[in-house]
Amino acid sequence: MNFETIIEEFRYFEKKDINELIKDISNDIERFEFSILPHYDIPIYSHQRFGIKRGDLLEKTPKNKNNKFEYCFDKNNRIILIKKWSNFNNFDAQFFFYNENNDQLPFKSISYSYDGELSNITYYFYENRKIESSISVGQYGCRKEFYFYDSNGLLSTVKTQQFELNFKFINELTQEFTHDNNGILVQIKKIYDNDEDIIYHIP
């Protein structure tokens, strides 16, 4: 998989109406779950890496979906669509497509903003049931990520390489993950340009 191939796919989905995609998968949706803060991490620590703590699931379907996350599951209990509802009865959407015949390429995600504009397409590569790398094309650039694990199988480092749309390298960022003795994530440190920030921390 390379940037050129994904860019071709990006141009195709740019022309596709988000409502068509929702209609295409509507018959595959078996159940829904909701939360106020993001609950499910696809891929691992996807929200914590932006400093957002995990939210709890709501016990009942809310009458008002504003500012809620809606998770749509298929018959295999896999999330195939996440809607992030706004205050204005519209939503950002992230679709997940699973590859049943390739264990090294389980799925891709396609994300749209609330106005129906395509945001990015990302492919995720796995090894031994852990994400090993990803490759992504967005409106303004491209990205590769590489995931590393410690001896206990816990995520320890993610290296992110960013590129312009002409594939010119921009920079590389590193995030380091710290877990407690129970394997619970307690800190994420971002390292870049000879500087570092703590972007996630649980006392």
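Helices (H or I, at least four residues) and strands (E, at least two) are DSSP runs, numbered from the N terminus. With that in hand, let's walk through the chain. This is a predicted model, in which local features need pLDDT of at least 70 and side-chain atom pairs count only at pLDDT 80 or more, while totals for chains, interfaces and linings use all residues. Residues are numbered from 1 along each chain as its sequence is written, and side-chain values use heavy atoms, leaving out hydrogens and water.

**Loops and backbone**

Pro43 belongs to the loop between strand 1 and strand 2, and the peptide bond that joins Ile42 to Pro43 is cis, with omega near -5°. Leu37 is found in the loop between strand 1 (31-35) and strand 2 (69-73).

Which residues other than glycine have a positive phi? Asn77 is one of them, with phi near 65°, and Phe167 is another, with phi of about 75°. Asn77 lies in the loop between strand 2 and strand 3 (79-85), and Phe167 in the loop between strand 9 (155-163) and strand 10 (169-179).

How open are some of these side chains? Buried means under 20% relative accessible area, exposed over 50%, and partly exposed in between (1.4 Å probe, protein chains only).

| Residue | Relative accessible area | Class |
|---|---|---|
| Leu37 | 42% | partly exposed |
| Asn77 | 48% | partly exposed |
| Phe167 | 30% | partly exposed |
| Phe97 | 26% | partly exposed |
| Phe95 | 0% | buried |
| Tyr112 | 2% | buried |

**Aromatic rings**

Rings of Phe, Tyr and Trp (its six-membered ring) pair if their centres lie within 6.5 Å; planes under 30 degrees apart count as stacked, over 60 as edge-to-face and the rest as tilted. By this rule there are 14 aromatic pairs. Phe95 and Phe97 have ring centres 6.5 Å apart and planes at 25°, so this pair is stacked. Phe95 also pairs with Tyr112: their centres are 6.1 Å apart and their planes at 85°, so this pair is edge-to-face. Elsewhere, ring pairs join Phe96, Tyr98, Phe107, Tyr124 and Tyr126 into a cluster.

**Charges over rings**

A charge sits over a ring if NZ of Lys or CZ of Arg is within 6 Å of the ring centre and within 35 degrees of the ring normal. Lys108 lies over the face of Phe97, 5.8 Å from the ring centre. Lys144 has its charged end over the ring of Phe3, at 5.3 Å from the centre.
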